[in-house]
Structure formats: structure tokens, C-alpha cells
Amino acid sequence: ILVAIDGSDGSLRALDFAAQQASYAPTAELHVLTIQPAAAANTAWEIYVSAERLQQIAAERSSQILATAAERLKGASFSLELEQLTGEPAETIAQRAEELHCESIIMGTQGLGKLGVLVMGSVAQRVMHHATVPVTLVK
């Protein structure tokens, strides 16, 4: 099971749900993934912050998110992997699930994206479009 988290309340609820699902199968493997968008070249940020500093900030944020996940899953009876990547979130989530031969993806409906999209977040919509495995959305 790949569970995508971004530190939002919705993604942490998805993490809890994924852990519950994984606990039902003794051989389950839970792969927790957080993705930081790549810093876009030629943006206004470059005026104020270097690309290296933006990468450092993203890495620190990912580390915090994964530390929270690890603490939440302490003592789990299933196999657990934590991973941080940089890229376009929806495509990266779907691609990573395929690379890992995951049977499903679990994620929150709304994360920390720009204002969300009405009922279901835009990243969740795009993951459903790109994924080749079932996607469970947790509200």
C-alpha cells in the first residue's frame, strides 16, 4: 500500500486509515511517501531565495512530515518504508506506486495545495487519472 502524505490533517487521516488496512494483513507493506514540488526556474522566489535554499527547506519539511508519520506508526506490526521525493505530486505518486508494484494508493482528499478544489483536491483527482491501481480517498 502506498500512502501519500503532505502533513495536512487529511493526509494524516489517510495515514491512519492505511495503517488500519495494513494491520489486517500480516504480510502487508506500507510505503509512506511525501513529495515536495520542484522549485520552478525563473520564478520570483529566485530573487529572494536561492534554489539550494529552497531545496533545503523542502528537504526539512519532508523530514518533519515523515518523522510525524514514523511517530504515528510506532509499534506497527507491518513492514514500513518512508520516502521523500521531489517532483509533480500526482504523477510522482502514481509512478512510484507502479514502480513499487503497490496494490493500492491511499491519500487524503484535500491536502495543503492552493485552496483545495471544492470537494476533492486537484492532486487527488490527478492521481486517480494517472494511477493504474485502485485509489482510496480518505476525507
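Are Arg96 and Glu83 buried or exposed? In this predicted model, Arg96 is buried, and Glu83 is buried as well. The two residues form a salt bridge, with their closest N and O atoms 2.8 Å apart. This pair connects distant parts of the chain, since Arg96 belongs to helix H4 and Glu83 to strand S3, 13 residues apart.

Arg96 has a further partner. Its side chain also meets that of Glu99 in a salt bridge, at 3.0 Å from N to O. Arg96 and Glu99 lie 3 residues apart in helix H4, so about one helical turn separates them. Arg96 counts as buried because its relative accessibility is 18%, under the 20% limit. Glu99, with a relative accessible area of 43%, is partly exposed. Through shared partners, salt bridges join Glu83, Arg96 and Glu99 into one network.

By the rule applied, there are 5 salt bridges. One of them pairs Arg126 with Glu88, at 2.7 Å from N to O. Here too distant parts of the chain are linked: Arg126 sits in helix H5 and Glu88 in the loop between S3 and H4, 38 residues apart.

I turn now to the nonpolar packing. The largest nonpolar core holds 18 residues, and those touching the most other members include Val3, Leu30 and Phe78. Helix H1, strand S2 and helix H3 each contribute at least two residues to this core, and H1 gives the largest share, 6 residues. Phe78 touches, among others, Ala19, Leu30 and Leu73, leaving aside residues up to four places away in sequence. A second, separate core comprises 15 residues, among them Ala4 and Val127.

Note on methods. Residues are numbered from 1 along each chain as its sequence is written. This is a predicted model: local features need pLDDT of at least 70, side-chain atom pairs count only at pLDDT 80 or more; totals for chains, interfaces and linings use all residues. Side-chain values use heavy atoms; hydrogens and water are left out. A nonpolar core is a set of buried Ala, Val, Leu, Ile, Met, Phe, Trp, Tyr and Cys residues joined through side-chain atoms within 4.5 Å. Buried means under 20% relative accessible area, exposed over 50%, partly exposed in between (1.4 Å probe, protein chains only). Helices (H or I, at least four residues) and strands (E, at least two) are DSSP runs, numbered from the N terminus. Contact means heavy atoms within 4.5 Å. A salt bridge is a side-chain nitrogen of Lys or Arg within 4 Å of a carboxyl oxygen of Asp or Glu.
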